[in-house]
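Hello,

I am passing this structure on to you. Please look through it first; my notes on what was found follow below.

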Amino acid sequence: MNKLLCRMSKVFTHPHLMKPFVQNWVQSWPYSLGDGSRAFKPREIFLYVTHDCNAGCAMCDVGQQNLDSVFYRMLGQNDREALPHAAWECLIAELAEFGPKIYLNGVEPLLYPRLLDLVATIKRHGLSLQLVTNGILLERYAADLVRLGTDSVVVSLDGTEQVHDAIRGPGVYQRAMKGVRALLRCREELGRLTRVSTNYCISNLNHAGLGEFAEEMLHRERIDFVNFTHLNYVTESASAAHNRTFADMGRATPVSVAGVSPDRVDVETLYDQIRRLRDQFTDDQIGYSAPLFSSNALRTYYHEPDRVVARSRCLTPWTSATVSAHGDVIIRSRCFEYVAGNVAMQPFLEIWNGEPYRRLRRRLRETGLSPVCLRCCGSLA
């Protein structure tokens with residue numbers, strides 16, 4: 001009850017949070033109706049338009065070439081052909097009928113050969129668009145992304161230059177920052193409202209650098225917003241527990257632990273960093289992927305991965321969908337392997353409330369979280 005009251009207080013004192021709060025609340029209603037298997041049309045669609053990447057991120061199974069990982073198997077390269085551009089165009093036209101927010105997430109979207117054509121199509125249909133990129137090619141695309149009306153560009157940066165390059169590869173930071181500066185310059189020149197922000201994925205490699213990074217981004221570079229994301233990960237023990245009990249829902253593997261070690265995060269250092277940030281910056285400047293604001297909550301999250309730390313249910317299958325480069329409609333990138341359909345073979349909305357999706361929703365409502373859900377974004381929001 002205290003958590004709910006705190007969240008409602010934050011919403012009512014920050015009017016820009018009211019709309020998403022109400023949307024989330026309404027979107028969750030079908031969870032409690034009937035057998036819970038149906039859902040309203042999703043308000044968010046994540047599109048992974050390419051399975052390629054040009055960085056070697058330590059916390060990413062694609063970057064680490066961890067071929068057996070669920071993340072890699074669902075989103076990385078394999079023998080299947082990627083969707084042709086015409087199929088993406090058809091999908092966007094269908095989605096435009098109910099107006100979800102579109103996220104172009106990757107794997108690295110700027111590697112998609114017809115990215116600007118796709119952005120133009122999304123905006124021509126009046127859809128809100130957020131593009132997430134590692135920034136390596138951003139300088140080349142910045143002016144066109146702003147000109148086409150991209151609503152938000154999020155650049156993945158995990159620290160100041162030395163820290164970031166140790167995580168993602170030599171020279172990546174400077175290339176990404178050239179892109180960030182180009183975005184800021186172009187939107188000023190063109191008079192557009194493209195929001196420029198960064199996303200910082202917390203791990204044992206950078207948990208001591210949050211404050212320094214926020215100072216650099218917000219005070220020196222003057223970007224709009226910094227988001228700190230707690231590492232979404234699946235341990236060996238969690239995947240094994242899932243496969244013993246929930247194997248019929250889909251196979252699970254360790255995810256996002258090949259190059260980082262969550263149990264090596266110094267919790268007191270991280271807690272001190274977050275406490276100082278909350279004192280120094282406003283909610284309009286800095287956000288967090290989950291409200292883990294005590295040292296106990298952080299210790300549970302990073303050192304006791306088998307314990308629930310936020311919600312005891314996942315509403316993702318009722319609120320959003322992810323489409324892979326091959327057209328598969330999946331739950332999220334780090335979930336167990338579960339494909340509800342393919343947009344090259346069926347209209348999206350037929351998949352969304354088709355039997356495979358409904359079967360998954362029934363099972364999740366009956367059983368609650370699978371062991372692999374405990375450190376996923378779906379159980380943290």
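Rings of Phe, Tyr and Trp (its six-membered ring) are paired if their centres lie within 6.5 Å; planes under 30 degrees apart count as stacked, over 60 as edge-to-face and the rest as tilted. The model is predicted, so to speak of local features pLDDT must be at least 70, side-chain atom pairs count only at pLDDT 80 or more, and totals for chains, interfaces and linings use all residues. Residues are numbered from 1 along each chain as its sequence is written, and side-chain values use heavy atoms, with hydrogens and water left out.

By the ring rule there are eleven aromatic pairs. One of them is stacked because the ring centres of Phe-98 and Phe-348 are 6.4 Å apart, with planes at 20 degrees. Phe-348 is in helix α14 (residues 348–352) and Phe-98 in the loop between α4 (85–95) and β2 (101–104), 250 residues apart; helices (H or I, at least four residues) and strands (E, at least two) are DSSP runs, numbered from the N terminus. Both Phe-98 and Phe-348 are buried, meaning under 20% relative accessible area, with a 1.4 Å probe and protein chains only.

Phe-228 and Tyr-288 are also stacked, at 6.1 Å centre to centre and 25 degrees between the planes. Phe-228 is in strand β6 (residues 225–230) and Tyr-288 in strand β7 (residues 286–288), so this pair ties together parts 60 residues apart in sequence. Phe-228 and Tyr-288 are both buried. Together with Tyr-200, Phe-213 and Phe-293, Phe-228 and Tyr-288 form one aromatic cluster.

Regards

Definitions and conventions:
Buried means under 20% relative accessible area, exposed over 50%, partly exposed in between (1.4 Å probe, protein chains only).
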